[in-house]
Amino acid sequence: MAGAVQKRTLDQLRQTVQASPSEYPWQVVTQAVLAETVDPQRLVQQGLVAQRDWILRGGRETPGPSLGRRGKGFLARICAELIFFVVMSVVVVGALMLCKHKWPEVDIYRLLAWLQGLFASNR
């Protein structure tokens, strides 16, 4: 809006937008902005200054994470998932060994054969 909208109007629009979180009131905002009386020459000049500042700044004011940071984040996520997988595998194998030690008559392969028979009969 290139600084053409008065502060009071912007405050009112901010309250309007915050009051309707489910849907953006674009019609109300557009009508309020267009209702502002502005010198066209001043508006074009402010727009050009804002565009020049945007280009000199290098684009957005809040740039996204850099490629290096995204790469580090990806590597950290993969490492965390790998650690979780290893810990979970150790816990499951330990639980199976404990069950086998406590109940030696239990055969987990019998369960596998039962499951195969259960799903094979549905075909």
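Cysteine 99 counts as partly exposed because its relative accessibility is 35%; buried means under 20% relative accessible area, exposed over 50%, and partly exposed in between, with a 1.4 Å probe and protein chains only. Before going on: this is a predicted model, where local features need pLDDT of at least 70, side-chain atom pairs count only at pLDDT 80 or more, and totals for chains, interfaces and linings use all residues. Residues are numbered from 1 along each chain as its sequence is written, and side-chain values use heavy atoms, with hydrogens and water left out.

Cysteine 99 lies in helix H4; helices are DSSP runs of H or I with at least four residues, numbered from the N terminus. Between the C-alpha atoms of cysteine 99 and leucine 10 there are 67 Å, and the two are 89 residues apart along the chain. Cysteine 79 is also partly exposed, because its value is 39%.

Now the patch. Residues including Ile83, Phe84, Trp103 and Leu112 make a nonpolar surface patch of about 1,200 Å². Patch residues have over 30% relative accessible area and no salt bridge, with like charges joined within 9 Å and nonpolar side chains (Val, Leu, Ile, Met, Phe, Trp, Tyr) within 5 Å; a salt bridge is a side-chain nitrogen of Lys or Arg within 4 Å of a carboxyl oxygen of Asp or Glu. H4 gives the largest share, seven residues.

How values were computed:
Accessible areas come from the Shrake-Rupley method with a 1.4 Å probe; for residues, only the protein chains shown count as cover. Helices (H or I, at least four residues) and strands (E, at least two) are DSSP runs, numbered from the N terminus.
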